[in-house]
Amino acid sequence: MAASHCKELSIALAQFPRVSLGHFPTPLEPMDRLSEILGGPRLWVKRDDCTGLSSGGNKTRKLEYLMADAVQKGADTIITQGATQSNHARQTAAAAAKLGMACHILLEDRTGSNDPNYIMNGNVLLDRLHGATVSKRPGGTDMNQEMVALADQLRQSGKTPYVIPGGGSNPIGALGYVNAARELAEQAARIGLKIDALVHATGSSGTQAGLVAGLAAIQSDIHLLGIGVRAPQEKQEDMVFDLAVKTAEHLGTGVEIDRDAVRANCAYVGGGYGIATDGMIAATKLLAQTEGLLFDPVYSGKGLDGLIDLVGKGYFDGMENVVFLHTGGSAALFGYSESFELPGYTS
Ligand SMILES: *Cc1c(COP(=O)(O)O)cnc(C)c1O
């Protein structure tokens, strides 16, 4: 990685429209108590939970490019979809509010939970607080088709809708994480830190695809690892690779994507997307109680479970500095309060 590559990447990214929605650069902080407890490499956290928009998260970076594209196309209404406790939906609702656009959110019931907190609290509360129209669909619905149908309907009533795919994961949204790779590399260089590995939760794949393309563009040798939250390994890696290639093409710098740079470990999904696991609960409690950090039940908590387990298994042996990209999501904790049995309350 050389400073000149970062500069070239900045120039390549500057050709794409971008609206300002978040606080950047996000902090990069050591997690020294956790590192001491685990006894492996020094662990750091890249605080993309602090992107600022409606309690933050990784979708803000993607939305800076997606919403700019929507504005450029003259849209007045945003449509997107996600799971009930979607952090992407919440950040999209906030972005639409900030830009004065209407927002329609379609929520797929992927877990079948009837817990009132799951259905109405956490991100769902915030979607509605931001003024979005929320409607639910049963699990297994073709959500892309639902969005197309809604867009047609809105067009007939004179609106100009813009459809954002689930997770904001397409070559436009992924540019946010191409830029994040550059931001992190420059930040580490400023404090003289050599990052050996970068770990994060991977779902709809835009975050990892953007990072893969961004790290390739700056010729970084950081070992990138996604911890899956839904699909099995092969499917997840194929999805990330496919989007990384398309993102690099969209960026137009002629960067080749190496299939070997796409790594996903999908051993921490448990019962399925959005279903709590014991490992996630233990990891989320541990970080709350050793570092004062809030993670989430669907993504970052499972990612952390993977990180902690892999440190114990020696996956990072020989490495000195490992960064966990905190992709946010703590608002979802309020939708999962029943999963956490917490002692220490006396009345
Ligand atoms: C969406 C999300 C992810 C996964 O990012 P993708 O780009 O969809 O792979 C990880 N963590 C949190 C908190 C998220 O909301």
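**A quick tour of the helices, sheet and loops**

Helix 3 (residues 59-72) and helix 4 (residues 87-98) pack at an angle of about 45 degrees, and their axes are 10 Å apart. That angle makes helix 3 oblique to helix 4, since angles under 35 degrees count as roughly parallel, over 145 as roughly antiparallel, 65 to 115 as roughly perpendicular and the rest as oblique. This is a predicted model, where local features need pLDDT of at least 70, side-chain atom pairs count only at pLDDT 80 or more, and totals for chains, interfaces and linings use all residues. Residues are numbered from 1 along each chain as its sequence is written, and side-chain values use heavy atoms, with hydrogens and water left out.

**Helix 3 with helix 4**

- The crossing here is right-handed (the near helix is turned clockwise from the far one by less than a right angle).
- On the helix 3 side, the contact (heavy atoms within 4.5 Å) is made by Lys59, Thr60, Leu63 and Met67. Helix 4 brings Asn87, His88, Gln91, Thr92, Ala95 and Ala96.
- Sorted by class, this contact has 4 nonpolar, 5 polar and 1 charged residues. Ala, Val, Leu, Ile, Met, Phe, Trp, Tyr, Cys and Pro count as nonpolar, Asp, Glu, Lys and Arg as charged, and the others, Gly among them, as polar.
- Axes are lines fitted to C-alpha atoms, for helices over the stretch in contact, and angles run from 0 to 180 degrees between N-to-C directions.

**The sheet**

- Six strands form an open sheet in the order 1-2-10-7-8-9, with mixed pairing. Two strands pair if DSSP finds at least two bridges between them.
- Helices (H or I, at least four residues) and strands (E, at least two) are DSSP runs, numbered from the N terminus.
- At the edges sit strand 1 (28-30) and strand 9 (264-265), each pairing on one side only.
- Strand 10 (residues 321-326) runs parallel to strand 7 (residues 197-202), joined to it by 3 bridges; Leu198 has Val323 as its bridge partner in strand 10.
- Strand 2 also pairs with strand 10 in the parallel sense, over 6 bridges, and Leu43 stands opposite Val322.
- Strand 10 is mostly covered, with 6 of its 6 residues buried (under 20% relative accessible area; exposed is over 50%, partly exposed in between, with a 1.4 Å probe and protein chains only).
- Asn321, Val323 and Leu325 point one way from strand 10, while Val322, Phe324 and His326 point the other way.

**Helices 8 and 9**

- The axes of helix 8 and helix 9 come within 7 Å and cross at roughly 50 degrees, so the two helices are oblique to each other.
- Helix 8 passes helix 9 in a right-handed crossing.

**Backbone spots to look at**

- The peptide bond from Phe24 to Pro25 is cis, with omega near -5 degrees. Pro25 is in the loop between helix 1 (3-13) and strand 1.
- Ser55 isn't a glycine, yet has a positive phi of about 75 degrees. You'll find Ser55 in the loop between strand 2 and helix 3, partly exposed at a relative accessible area of 41%.
- Ser205 has a positive phi too, near 90 degrees. Ser205 lies in the loop between strand 7 and helix 9 and counts as buried at 4% relative accessibility.
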